[in-house]
Amino acid sequence: MANAYWLLNVRLETGHELENGDVTGTKTDLFHLRIEEGAIAEIVRAADRPDEIKPEGLGAGKASTGKVRAMEASTGGVRAEKARTGEEKAEGTGAGEALAEKAGAGEANAEALPQVDARGLLALPSFIEKHCHLDKTLLGDRWRPVRPAASLFERFEIEKNTLPTLATTMKERAETLLALLLRAGSTHVRTHVDLYPEVGLRHLEAVQEALASFDGKLTAKIVAFPQHGLLRSQSAGLVREALRQGCGLVGGVDPHTVDGDAERSLQQMMELAVEANADVDLHLHDGGRVGLDTIRRLAQLAEEAGWQGRVSVSHAFALSDMEGGEAEEMAGLLARADITVITSVPLGRTMPPVPFLHARGVRAAVGCDNIFDSWSPFGSGDVFERAGRLAERFGWKTERELAETLGFITGGVTPLDKDGRQVWPKPGDEASLVFAEASCSAEAVARRAKRPAVMHRGAIVAGSLEGRSV
Amino acid sequence: MNAAKAYWLTNVRLESGYRREEGAIVGTETELCHLRIENGKITEILAADGGFPKDELPRRDAKGLLLLPAFKEMHIHIDKTYYGGPWRAVRPANGVFGRIEEERELLPKLLPTAQERAEKLLELVLGFGSTHVRTHCNIDPVVGLRNMEATMRALDTFSGKLSHEIVAFPQHGLLRSDAAVLVREAMRQGATHVGAVDPATVDGDIERSLQTVMDIAVEADAGVDIHVHDQGGSGLATMSRLADMTEQAGWQGRVTVSHAFAFAGEPEAAAELADRFASLGISITSTVPFGGLIMPLPTMRDKGVRIGLGNDSITDHWSPFGTGDCLMKASRLAELYRFVDERSLGEALGFITGGVTPLDADGNRVWPAVGDSADAVLAQASCSAEAVARRAPRQAVLFRGEIVAGTL
């Protein structure tokens, strides 16, 4: 029973409230979750709690959180401030005698598992940040606005020249961003990392070092991203090397506009992917005909290579330019090749028609993309807020629509399925949760609920459950 | 604290000019200053490097926080929010009339807690830095003036913390719900503006609807702020006719159109109308829609139309969204219109301050000046541009010299 404990009083969604056939609310209940080896081993309704769980035993909880802390330390998830909040709690509940008695009871029962009390916070599946650039951010360095650039290529130059002059290191900045992502609730991150001849693999190394310091707190996948063009900057060799050194995906950018030869660029990207048995995530800003043709060809290549389910198109602005029957054709093509469309929900008209694609079975996901870098001064790093923006963008306002929005940042996982059946969490699921101050997913999404704590594989990796006021 | 009591707000960061490289603005210069606050006004500004003033006045240390002009929330409905109460998503409804129908049942149910929810919302808005609020308030046959009474009690609670305007808003149609008598009564009881909604589609008679609005406004010597969601020809016709009536009544500078979506239509007609609005001092208020409909706000501003921003619905039966944070609205506006350089980011602040920015177009400090009301936000940022782009955390909010939210 190593690394096992009870997570008490977690609010889970249990079903839909219906009125005249419309979903008008979400039913929830409190549960105790037994966490073991980073997974949810058992889920019991708080009202039917087994004898060994005494959630009202504050003393027992306090005595045992020490064990939980030790467990977290072993997985690298401990936070120095926990000790302090623990003390505050002891002061706040310091009803001397009762406390001592219960603490004594806790110690007497050596078999009893430690307990952590979530005190009614709503549990959500933890989030996936599907598109960011850890190497580009300026976070942690001084403020600077974006410098006007006449072209994309001038922007490359500005960025290339800016990054080496900063007072902070790339590793430090990437860590600042990772901390932000984690605090928002993302425990999995897909980051692109620039590869171009002038920097070689240095960005990759810095990002890998930053990720190493978050080991045990989140998981990550790195996209080998030839920002200046796979062909244009002749970066195939670098991409190949990056794939050997730990990148899980091959990236790319606008094969037509940047590389000037969509066919050869796409071919080469897919060859690199197949060679390294890696997935693909292409930046595609090219709109209209050119962009749509790029997607068509990519889908073809993906199917030929047997790469269904392994290819993403980020941004995919061209999908906002589909006309007439073309929309159905493209959606069919994307669904068949199981290509994921990733969007940062840019403000303005140009973005993929997510509701249309989703309804046709095309997978879609949300990422923050730029978070204060040489391209954009905006970006909060909060992918949950981005999901709310997606809902607002497409006018998703009802209980069901808002709750379903969550799926775009969880890899499709939502607590309830379409019929209101509880499908998450189940025993055996990884214990990666976000604790939110909300009554249900729909509220959390619409109101950007505060998230006091984030759990990854059973360990609290951001925030705290202890300092929470009830 | 006695408002008349003077004190020094020390070590305040003020913007002092633009930093340029090769002619381009690349940053903002700031300096630390001590501000003497007295009777709610800024009465003296000293550079901090000259040391502390040699007097016995109390000092409050701003510790280098950036001073921004306080924000103005120019369109909100504090009488209809669910905020502070239980969560409730939006129910499906059949258009605006379905929503109005929904209000028949909903508003009476909300009424008992209306004041409490309004107060919670005001607290939220104030905490983000808005010390002026223009709220619309339902005046309709269902609730009569009771929503407004609750609104006024809530605003009373915040007296001394923020200033406000109340728009008597016949949500169910000024003509359609025969609400003119009620609106007149609302004006007598303290509403500052006459409201209305879509004279074309809701009231079905642009001319008579607008004429009634203007008659009431003139009678009550009050401002006007009408919701016009109508797009295309009917929206333009409504606003154009409103411009005529504004001119006839001599109501220049006293009329606002909220939403004004028709400006997002045919560019030539929109530009022409924008010129008229600018010359008549008709302002518009926008929530900065960012999807299907995009307002030409930068163009309108450049033509001289005064533009304010508002959060509008904050979790109510119309919309579950809304943060109450005006700085976030300004940030969204900047992001939408690609204001990414130092100057345009800094200028975006003007959309939420009634046009006040610390620096003018040439980079001269124009705010704060001695004599200005001490309405300000202390933010953790190095300059306005950063505050807008990064939605800087706000440490404290000052209204007429008093700290009304946060602490130092």
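Guide: Two strands count as paired if DSSP finds at least two bridges between them. Strands themselves are DSSP runs of E, at least two residues long, numbered from the N terminus. This is a predicted model, in which local features need pLDDT of at least 70, side-chain atom pairs count only at pLDDT 80 or more, and totals for chains, interfaces and linings use all residues. Residues are numbered from 1 along each chain as its sequence is written, with chains lettered from A and ligands numbered from 1 in the order in which they are written.

Visitor: Which residue in the turn between β15(A) and β16(A) has a positive phi?

Guide: Arg457(A), with a phi of about 50 degrees; two residues separate the strands of this hairpin. β15(A) (residues 453-456) and β16(A) (residues 459-463) are antiparallel and share four bridges, and Ala453(A) has Gly463(A) as its bridge partner in β16(A).

Visitor: What pairs with β15(A) besides that, and over how many bridges?

Guide: Strand β14(A) (residues 433-436) does, antiparallel over three bridges. There, Phe435(A) is the bridge partner of Ala453(A).

Visitor: Are the residues of β15(A) buried or exposed?

Guide: Buried means that 20 or more other C-beta atoms, placed from the backbone, lie within 10 Å of a residue's own. Ala453(A) and Met455(A) point one way, Val454(A) and His456(A) the other, and all are buried.

Visitor: And in chain B, which strands stand at the edges of the open sheet?

Guide: The sheet has eight strands in parallel pairing, ordered β6-β7-β8-β9-β10-β11-β12-β13. β6 (71-76) and β13 (307-309) of chain B each have a single partner strand, so one side of each lacks a neighbour in the sheet.

Key:
Buried ≥ 20, exposed ≤ 12 C-beta atoms within 10 Å, placed from the backbone.
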